[in-house]
Structures are given as C-alpha cells and as structure tokens.
Amino acid sequence: MKKLVISSALSCALSVFAIANVSAQVQLPEITVTSTASGSEVSAKVTKAFSETFKNVKDVRWYEINKRYLVKFIMDDLRNHAVYAKNGHLIYQITYGFEKNLPMDLSAQVKDKYYSYDIVSAINIKQDGHNAWIVNLEDIRYLLMVRLADGDMSEIKRLTKSSPQLDASR
C-alpha cells in the first residue's frame, strides 16, 4: 500500500511537472476565494484547512480540477502546489526546490552514488504521511531523474544529451 501511495504521488508529481512544461497549452480555470461557496469558489473548509496548514504564504492562486482544488503558492521562497478535496482534506503537497533544500543525508546519499553529477532540482512530494523526493541530476552526457523514498534510492529515468561536442567525439 505504501508503494502504491508513493507511486501515485510520484505519478501526480510527474504529471504536474509535465503540465507545468506545457502550461502555455493547458489553461486551468482560476477560481476566487470568497466567504460563501458555489460551484466556482473554494469552500470555507478548504480555505480554513489551507490557512491552518501553510503559514506565511504569498502569491496564492486557486484552481478547480476534477472536483478538487489545486492551490499554487510561494512559501519560504519556494514554489508549492497542494491539492485539496472539497471537504478540506489535503491530498498531497509538492514543493519545488534545489540541492540546498534536499535534506543533508539524502544529498549525501545521492552524491555518494552520482558523484560526477550536479543536482539541478529537488522536488518534495508529501502524501498521507509519506515523504518522497525526486532529484534531477545532470552531467556532461546525461540527465537523470532519481527517486528517494522510504530509505530507498532508484533511478527513474536516464536521458542521453545530444550536443555537437558529443556527436563530434564519436
């Protein structure tokens, strides 16, 4: 069940990441937070749950997706996405960060195995008490995506870069 939840969260994170990359093509309906809820407004339960969970946030934007609420916001100078059910239950939270935001032990674990790579980004996914990280790495030849969860580290994706320098050396 644990792996299913984390896999589900990672799929959501990758989907959100893909959506972010094509955001010019996909337009989510932005909705307004008001004191009374209707079909296109965020319920009081959801806004209360959000304000109790997340403090000192900026640039809050709400969207309705599949009968749930996606909230995009900045907290601690990092971009965040959270999804809430209509009853105010937090389904998951994604924080988009960098190497400095990755816990030291996880950073050391990644650097130990991928010592010649630079950590480009670190994405934290929290769902139902589980905490997973997706770390994007880069070296001269490859782009890697590594998953860290429950003490395990696994490579999700490896892409070979294409560049004139690499092609000329073959």
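Is asparagine 136 buried or exposed? Asparagine 136 is buried, because its relative accessible area is 14%, and buried means under 20%.

## The model and its confidence

The structure is a predicted model. The mean pLDDT of the chain is 81, and 72% of its residues reach 70 or more. Over residues 1-29, however, the pLDDT is below 50, and this stretch has 35 contacts in the model beyond near neighbours in sequence.

## Asparagine 136 and its surroundings

Asparagine 136 belongs to strand β8, which covers residues 130-138. Its side chain makes a polar contact with the side chain of serine 121, at 2.7 Å.

With neighbours within four places in sequence left aside, asparagine 136 is in contact with Asp118, Ile119, Val120, Ser121, Ile123, Leu144 and Met145.

## The largest nonpolar core

In soluble globular proteins, nonpolar side chains tend to be buried together. In this model the largest nonpolar core has 13 residues. Those with the most contacts inside the core are Leu102, Tyr114, Trp133, Val135 and Leu137. At least two residues of the core come from each of α3 (104-113), β7 (118-127), β8 and β9 (142-149).

Apart from neighbours within four places in sequence, leucine 137 is in contact with Val110, Tyr114, Tyr117, Asp118, Ile119, Val120, Tyr142, Leu143, Leu144 and Val146. Among these, Tyr114 is another of the residues with the most contacts inside the core.

## Helix α2

Helix α2 spans residues 44-53, and its buried residues are Val46, Thr47, Ala49 and Phe50. Seen down the axis of α2, these buried residues fall within an arc of 160°, so they line one face of the helix. Lys45 and Lys48 are exposed on the other side of α2.

## Glutamate 41

Glutamate 41 is found in strand β2, which consists of residues 41-42. Glutamate 41 counts as buried because its relative accessible area is 18%, and the limit for buried is under 20%.

How far apart are glutamate 41 and tyrosine 63 in sequence and in space? They are 22 residues apart in sequence, and the C-alpha to C-alpha distance between them is 9.1 Å.

Technical notes
Residues numbered from 1 in each chain as written. Predicted model: local features only at pLDDT ≥ 70, side-chain atom pairs only at ≥ 80, totals over all residues. Heavy atoms only, no water. Helix = DSSP H or I, 4+ residues; strand = E, 2+ residues; numbered from the N terminus. Buried < 20%, exposed > 50% of the residue type's maximum accessible area, 1.4 Å probe, protein only. Polar contact = N/O pair within 3.5 Å; in protein donor to acceptor, adjacent residues only side chain to side chain. Contact = heavy atoms within 4.5 Å. pLDDT = per-residue confidence, 0-100. Arc of directions from axis to C-beta. Core = buried A, V, L, I, M, F, W, Y, C linked by side-chain atoms within 4.5 Å.
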